[in-house]
Each structure stands twice: as structure tokens, then as C-alpha cells.
Amino acid sequence: MAWNEPGNKGNKDPWGNKGGNDKGPPDLDEVFRNLSKRFGGKGGNSASGLPFNSSLLIVFVVIALIIWALSGLYTVKEAERGVLLRFGEHIGEVSSGLHWKATFIDEVITVDVETFRSIPASGRMLTSDENVVNVELVVQYSVSDAYSYLFSAVDANSSLREATDSALRYVIGHNRMDDILTTGRDAIRRDTWTELERIIEPYKLGLQIRDVNFLPARPPEEVKDAFDDAISAQEDQQRFIREAEAYAREIEPKARGQVERMTQQANAYKQREVLEAQGKVARFEKLLPEYKAAPDVTRNRLYLNAMQSVLADTNKVLIDTKNSGNLMYLPLDKLMDSSKDLRNQVQPEVERHINSGSGDGVNTPITSMSSDGRLSREDRLRQGRN
């Protein structure tokens with residue numbers, strides 16, 4: 001039952017009028033007047049009927065302005081950039097340091113632009129040779145444009161995650177499983193990086209890809225042992241190739257040195273032969289006038305020199321037993337040693353003039369000539385017997 005309906009015995013007035021007389025709500029002027037007295041006012045009414053005086057109003061306004069001005073101070077950290085909005089419209093960016101903005105008018109949203117962030121991507125994907133492989137990828141990125149990062153997409157991080165998954169599946173789908181598991185990981189990493197940048201470029205997410213880490217791929221568990229053996233074989237192949245290259249690098253300088261040494265030896269041999277040939281030609285040119293002056297003497301001398309050079313290497317001893325029946329003991333071992341000494345000594349043979357025979361019963365094959373260059377009687381007889 002309402003308080004003012006007939007039959008309400010209590011006559012309870014919600015405004016506190018216990019007497020039951022309906023005098024209406026309390027006077028607002030009286031309420032403001034009491035507040036003015038409490039704050040030190042004189043209780044006079046203003047032109048609008050409010051109990052505040054002008055000096056108190058000014059104090060309130062000044063205090064409010066000071067609080068409003070102080071509330072506009074803010075700081076942007078060194079690694080952050082601020083996006084300044086005025087009534088929701090972008091008007092610029094704010095660098096690091098202490099700044100001021102109009103509260104309730106301007107708004108600043110800070111974004112960390114130096115910290116590297118990472119997004120993982122993984123899954124079981126199909127290769128170009130219709131095999132299934134488990135791959136994992138981690139993309140590191142940073143914010144390059146704070147405004148584009150905040151307002152070009154609803155969630156730039158989520159967009160980058162979806163683009164990473166799409167780029168990874170595209171690259172894996174265009175490569176063979178053996179390349180993914182063994183030697184082609186670096187190429188897949190570069191291709192994924194390039195494809196990811198191509199995908200996010202039209203969206204202008206304000207992100208910059210810093211690095212793409214392609215973790216070692218794994219085959220399905222059913223064929224893991226077989227692929228482990230294949231990977232071991234690939235590693236052994238690379239090790240053998242490196243050992244062969246090291247061996248080649250070790251042998252090649254030695255071979256080049258041998259070639260150079262053989263070339264120098266060949267050049268030295270060539271020069272020696274040329275010089276020897278030139279010496280022989282010069283010797284024969286000097287011998288020609290002597291041959292023209294005494295042909296027989298020169299011919300015999302050349303013959304004897306040639307026989308001496310030929311017989312110097314033999315161990316046989318020739319004895320003339322026709323003119324004498326005496327056989328003398330010859331020290332053959334000493335004669336052989338002396339012949340070896342003669343071979344070791346390279347000296348020009350000098351013509352020797354010997355007188356008549358020694359009378360020991362042994363004739364030596366040495367020609368004796370008179371002072372006029374004519375052969376003796378015994379030499380002519382010996383030549384006739386021969």
C-alpha cells in the first residue's frame with residue numbers, strides 16, 4: 001500500500017514528515033545553502049539561485065585545470081614508439097622521452113619496436129613426392145611501423161602466424177622428402193622466408209621478418225629407422241668428400257713441385273747437351289786444320305782415343321805372344337782398380353811421344369813417331385801385319 005493512499009494508518013512520509021502533513025520534498029535551495037556554509041561561504045544566493053560565490057568557483061576551476069594539465073604528462077620508453085590519436089584520428093608518432101598530451105582529447109598508444117618476437121609453426125605436411133613429414137619452424141620478427149601494426153589488421157600477430165603456416169606448407173609441398181630431411185634444409189629456410197615476405201607485403205602489417213629458423217624435420221615414426229640410416233649414409237658421403245678434398249689439397253702442391261723440378265731438370269739437361277754439342281763442334285773445328293796438315297797421324301790418334309774409351313770398361317787383358325814366348329804374371333786385380341780410376345777421371349788425353357820398345361817382351365799399342373812426323377819401321381810393319 002502506498003504511503004499516501006487512504007487507509008494508511010502509519011502515514012509514513014518518505015521525506016521524513018512523520019507528522020503526516022504532506023509538505024513535499026525538501027527545499028533544494030536549503031540544501032545548497034547548507035553546503036555553502038560548510039565550505040565557508042556566506043550563504044548568499046547567486047543570480048542563478050545557487051549558493052556558490054565567484055571566488056570559490058574560480059578556485060575549483062584552477063584546481064581542475066592543474067589536475068588536468070598534470071594528467072597529460074606521459075613517458076615513452078627507449079624501445080617504444082607512441083601512436084598519437086586526437087579524437088581517434090592519427091596525427092603522428094611520438095619518439096622516446098617525456099611528452100604531454102591533452103587529456104580526454106589526445107590518446108597515445110605505445111608499441112615496442114625493438115624487441116624481437118617469435119612465432120612457431122609446425123605440423124605434418126605433404127611433400128612433392130607424396131610423403132608425409134613433420135616440420136617445425138620459428139619466425140623472428142619485430143615491429144617496423146607502429147601505426148600499421150595497430151590499425152592495418154585486427155591482430156597483426158595472428159595474421160603473421162597464418163601467413164607463416166601458409167608459406168611453410170607451400171614450400172614443403174614443392175620439395176622432396178630427402179631434401180627436407182638431409183641437405184635441402186637451408187634452401188627451404190630461404191624459400192620460406194621469401195614466400196612469407198611476399199604474402200604479408202600487401203597487408204602492410206608493419207612487421208619486419210628478422211630471421212627464419214627451420215628446425216630439423218622428422219619422418220613419421222613408422223619409417224624413422226630407415227630414414228635415420230639414410231641420413232647417416234648422407235653424412236658419411238659428405239665426410240668422404242671432405243676427406244678426398246683434403247687429400248687433393250695435400251697432393252696437388254707436391255705434384256706441382258715435382259712437375260716444376262722435372263721441368264728444371266729437363267731445361268738443365270737441355271742446356272748441358274747443347275753446350276756439350278757446341279764444345280764438340282768447336283773441338284772438331286780446331287781438329288780440322290790438323291787433320292788437313294797430317295791426315296794419317298790425326299786418324300790414328302782419333303782411333304787410339306776411341307779404342308781407349310771403349311776398352312776402358314772391359315776386364316780383358318790383351319798379350320802379344322808372337323814375338324816373345326815369355327808369359328809374365330800380371331796383377332789383374334790392380335789393373336782393374338786402375339782402370340776404374342781412369343774411368344772416374346775425366347781429363348783430356350794428351351799425345352805422348354815414346355822412343356823404342358822397352359825390351360821386356362810385351363808390345364804396347366802406342367805409336368812412336370819421329371820428329372818429322374813419320375812412322376818408324378816397326379810401326380809400319382805392325383800396321384802391315386794387322
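**Helix α6 and its surroundings**

In the predicted model, the buried residues of helix α6 are I188, T192, E195, L196, I199 and I200. Viewed along the axis of α6, these buried residues fall within an arc of 120 degrees, so they line one face of the helix. T194 and R198, on the other side of α6, are exposed. The buried residues of α6 pack against β7, α4 (156–173), α5 (177–181) and β8 (207–214).

Strand β7 (residues 132–143), one of the elements contacted by α6, pairs with strand β6 (residues 117–126) in the antiparallel sense over ten bridges. Within this pairing, R117 has Y141 of β7 as its bridge partner. Five residues separate the two strands of the hairpin, in which E130 adopts a positive phi near 60 degrees.

The salt bridges number 13. In helix α6, D186 and R190 are four residues apart, about one turn of the helix, and their side chains form a salt bridge with an N to O distance of 2.1 Å. Both are partly exposed, D186 with a relative accessible area of 42% and R190 with 44%. In helix α4, D165 and R169 are likewise four residues apart; the closest N and O atoms of their salt bridge are 3.2 Å apart. D165 is partly exposed at 27% relative accessibility, as is R169 at 40%. In helix α8 (residues 295–311), R299 and D296 are three residues apart and meet in a salt bridge of 2.9 Å, N to O. Salt bridges with shared partners also join D186, R189, R190 and D211 into one network.

Conventions: Residues are numbered from 1 along each chain as its sequence is written. This is a predicted model: local features need pLDDT of at least 70, side-chain atom pairs count only at pLDDT 80 or more; totals for chains, interfaces and linings use all residues. Side-chain values use heavy atoms; hydrogens and water are left out. Two strands pair if DSSP finds at least two bridges between them. Buried means under 20% relative accessible area, exposed over 50%, partly exposed in between (1.4 Å probe, protein chains only). The arc is that of the directions from the helix axis to the C-beta atoms. Contact means heavy atoms within 4.5 Å. A salt bridge is a side-chain nitrogen of Lys or Arg within 4 Å of a carboxyl oxygen of Asp or Glu.
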